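Have the structure open as you read.

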Amino acid sequence: IPGATLRYCQVFPVKSSEAWGEFHERSYRFFGGVLPISIYDNDSVLVSEILGRERKQTRFSLALEEHYGIASRFCNPAAGNEKGSVENGVGYCRRNYMAGCPEFTDWNAVNNHLEQSCRETINTNRHYQTNRPLKDIFDEMAEKLAPLFVTHTWRRWAEARVDSYQIVHMDSHGYSVPECYVGSSVRIGTGVFTVEIQHKNQVI
């Protein structure tokens, strides 16, 4: 953006609402504001049903719109021309930022590398048609974006009970908590890379 000249990419281990939310949060902070319109493919995290030209959005998709004050637009099914700029952007990032299959110690390392690579491209490259510095386009766009709110951590919450082994289960994973919570009901909030467990609204 705009014209697929300013790119920001990140990678996540799962395709989930938490990952979608985390990417929105990171991308808006990268660009310095909220983009008013987002164009999406018909991903099941965002669209529960396609009704002709209409889309039945998921609760999470509506929550994204409400939180950031954005409008969502969805590509038509099997319309490759509408997704071309997105696919081209993915290909560009793969060729230029991940050439040679580099290795990283963890997810933070690879995402820091990708963010720095995107920033370096904007700071040093020019538009392929107009020859304008991408940094000028970036600065011009930033002035037109909606302001950011405080940082938001996207989590998926569920209720669970701590078993006699001090373990609480979520998505086939078990998490240990202090013995005093055995038998208690707790809330588990799963993010992309973190898990938060609460008891009576207190983080434990």
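A crossing of two helices is called right-handed if the near helix is turned clockwise from the far one by less than a right angle, and left-handed if the turn is anticlockwise. Please keep in mind that this is a predicted model.

## Where α1 passes α2

With that term in hand, begin with α1, which passes α2 in a right-handed crossing. The axes of α1 and α2 (residues 59–68) come within 11 Å and cross at roughly 20 degrees. Angles under 35 degrees count as roughly parallel, so α1 is roughly parallel to α2.

Which residues make the contact? From α1 come Ser17, Trp20, Gly21, His24, Glu25 and Tyr28, while α2 supplies Phe60, Leu64 and Tyr68. In this contact of α1 with α2, five residues are nonpolar, three are polar and one is charged.

## Where α4 meets α5

The axes of α4 and α5 come within 5 Å, crossing at roughly 105 degrees. That angle makes α4 roughly perpendicular to α5.

On the α4 side you will find Thr121, Ile122 and Asn123, which meet Leu134, Lys135 and Phe138 of α5. The residues of this contact of α4 with α5 divide into three nonpolar, two polar and one charged.

## The buried face of α5

Which residues of α5 (residues 134–142) are buried? They are Leu134, Ile137, Phe138 and Met141. Viewed down the axis of α5, these buried residues fall within an arc of 100 degrees, so they line one face of the helix.

What covers them? The cover includes α1 (17–31) and α4 (107–124).

Technical notes:
Residues numbered from 1 in each chain as written. Predicted model: local features only at pLDDT ≥ 70, side-chain atom pairs only at ≥ 80, totals over all residues. Heavy atoms only, no water. Buried < 20%, exposed > 50% of the residue type's maximum accessible area, 1.4 Å probe, protein only. Helix = DSSP H or I, 4+ residues; strand = E, 2+ residues; numbered from the N terminus. Arc of directions from axis to C-beta. Contact = heavy atoms within 4.5 Å. Axes fitted to C-alpha atoms, helices over the stretch in contact; angles between N-to-C directions. Parallel < 35°, antiparallel > 145°, perpendicular 65-115°, else oblique. Nonpolar A, V, L, I, M, F, W, Y, C, P; charged D, E, K, R; others polar.
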